[in-house]
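Author: Take a look at the entry below. Then ask away.

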Amino acid sequence: PMLGSGWSGLFKGLAAVFCIVSIISLALIYFIPAPPSKVVMATAFKGASFEYYGRQYRDIFARSNVKLELLETAGGVENVALLQDPKSGVQIAFVTGGVSDGKHASGILSLGTVYNQPYWIFYSSTEPLDRLSQLKGKRIAVGPEGSGTRLSAEKILGKGGVNSETATLLPFAGLAAVKALSDKKVDVVWIIGSPDATAVKSFLGNPDVRLLGFPMAEAFTRIFPELVRLVLPKGVVDIDRTIPDDDVPLIGTTSKVLVRSDLHPEIVELLLQTMTETHSGPEIFQRSGEFPNSTDAEYPVAATAIDYYKNGPSFLRRHLPLWLSVYVQRAIAVLVAGIAIGLPLAHYLPLLYKWNMRRRLLYWYSQLKTLEASFDASPSDKRFTEKQAEVERIEDAVSHIRFPLTFSDQVYNLRSHIDIVRRKIASRTNESGRMAAE
């Protein structure tokens, strides 16, 4: 029986430990979830700068064993809509300035701007063009519906009187626009992207394609505050062939990375590191360290991003791989919780233990006092044998209770009182026996 009781106690102890560990594990998983192994990012059409940078992001994410799935889209307008739709699965997106803002796209946070993105107007005419109004009557590739490229074209070209009534606006974009101009399906291509984007690079390196500048770029930035004035320096594309053959004033906008507000914090920090690695170097339209930054007048910037730009990556992200950092965070959480709970317990547990020991002593004192009072109230009670057995039961119970040494004097006092009651009962028993004999 004792062996069975020992095994039962062991099983109960193991079950209790299992329950505690399970509860702690579930709490940690809930409050500190592991980062996902796959994330979806909306970019743009093939040949666009968003698609170009998206592939670089994907390679950097792969180093941390996170799969970045790139979703080809029409561009910025569609990307914002996908971010707002929880069923789309899109959690990250490139967006250009002026497409939308935080008031019209709630639940979206910005991680900052990553680079300036010029608007380019390429054409194949032998006749040089220098005004937007000269594009009237032309077939212009402005990108598909739902793209930031088309939205900006309609807004900016419209200021020069070029719209769907005065020109033919066609949905070609990216590499499709390169082919359309080559096949003479369009006369002009309106495109947005960095000089490194595949389609832009193709146009800039083609001697048969001209670039229309914006001599009134400063005026456009005053009319549309989200625009910036840029300059393509003479010879920057090809110094030997002097491409371009003169400084070309351009207008452009900022490009930013937006995320859903519920994106895992570890993925957010990985994304910020990726943005820094990809965009912090010098390029034609930016100096080293100028991007990425937390400047975004359209969307609220995530607190994590503001802290990152101010203090750099967190200690864990600098020294630990992504998969390990979450476990370290959980261990720290357990340690902090243990200290927060353990310190008060270290103070109150001894007091609670003493109170419990004293309560047990008082319980048996109460039992003994009740027993003593019962025969003091009825001296003629003949059931002294039962009362004697009750005293023995109380003494046996007290003898099996383990008390700390600090309670030794109180335990001995209790046992002394038990002996006093026993002798009193024995005395009454003897007295009762003599009275019965007489």
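Predicted model: local features only at pLDDT ≥ 70, side-chain atom pairs only at ≥ 80, totals over all residues.

Reader: How close do the N and O atoms of Glu51 and Arg55 come?
Author: An α-helix has 3.6 residues a turn, so residues three or four places apart point the same way. A salt bridge needs a side-chain nitrogen of Lys or Arg within 4 Å of a carboxyl oxygen of Asp or Glu. Glu51 and Arg55 form one, and their closest N and O atoms are apart by 3.1 Å.

Reader: Is Glu51 buried or exposed?
Author: Relative accessible area decides: under 20% is buried, over 50% is exposed, and in between is partly exposed (1.4 Å probe, protein chains only). Arg55 comes out at 31%, so Arg55 counts as partly exposed. Glu51 has 14%, so Glu51 is buried.

Reader: Which residue forms a salt bridge with Lys46?
Author: The closest N and O atoms of this pair are 3.9 Å apart. The pair links distant parts of the chain, 26 residues apart: Lys46 sits in the loop between strand S1 (38-42) and helix H2 (49-63), its partner in the loop between strand S2 (67-71) and helix H3 (76-84). The partner of Lys46 is Glu72.

Reader: How many salt bridges does the structure hold?
Author: Another pair is Arg260 with Asp262, at 3.3 Å from N to O. Arg260 counts as buried because its relative accessibility is 17%. Shared partners also join Glu392, Glu395, Asp419, Arg422 and Arg423 into one network of salt bridges. The total for the structure is 20.

Reader: What is the handedness of the crossover from S1 to S2?
Author: Two strands pair if DSSP finds at least two bridges between them. S1 and S2 run parallel and are joined by five bridges; in one of them, Met41 partners Leu70 of S2. The chain passes from S1 through H2 to S2, and the test is the path seen with the strands pointing away from the viewer: clockwise from the first strand over the helix to the second is right-handed. This β-α-β crossover is right-handed.

Reader: How many residues of H8 are buried?
Author: Among the buried ones are Ile267, Val268, Leu270, Leu271 and Leu272. Glu266, Glu269 and His279 are also on the list. H8 is mostly covered, and its buried count out of 15 residues is 11.

Reader: Which side chain makes a polar contact with the side chain of Asn293?
Author: Asn293 lies in the loop between H8 and helix H9 (303-311), and with 18% relative accessible area Asn293 is buried. A polar contact is a pair of N or O atoms within 3.5 Å; within protein, one must be able to donate a hydrogen and the other to accept it, and residues adjacent in sequence count only if both atoms are side-chain atoms. The Asn293 side chain reaches the backbone oxygen of Glu290 at 3.1 Å. Its side-chain partner, at 2.7 Å, is Thr113.

Reader: Which residue joins Phe291 through a cis peptide bond?
Author: Most residues other than glycine have a negative phi, and most peptide bonds are trans. Ile243 and Pro244 are joined by a cis bond, with omega about -5 degrees; Pro244 is in the loop between strand S9 (227-232) and strand S10 (248-260). In the loop between H8 and H9, omega is also about -5 degrees at the cis bond from Phe291 to Pro292.

Reader: What is the phi of Lys184?
Author: Asn65, in the loop between H2 and S2, has a positive phi near 60 degrees without being a glycine. Lys184 is in the loop between helix H5 (174-182) and strand S7 (188-192), and counts as exposed because its relative accessibility is 63%. Lys184 is not a glycine either, yet its phi is positive, about 60 degrees.

Conventions. Residues numbered from 1 in each chain as written. Heavy atoms only, no water. Helix = DSSP H or I, 4+ residues; strand = E, 2+ residues; numbered from the N terminus.
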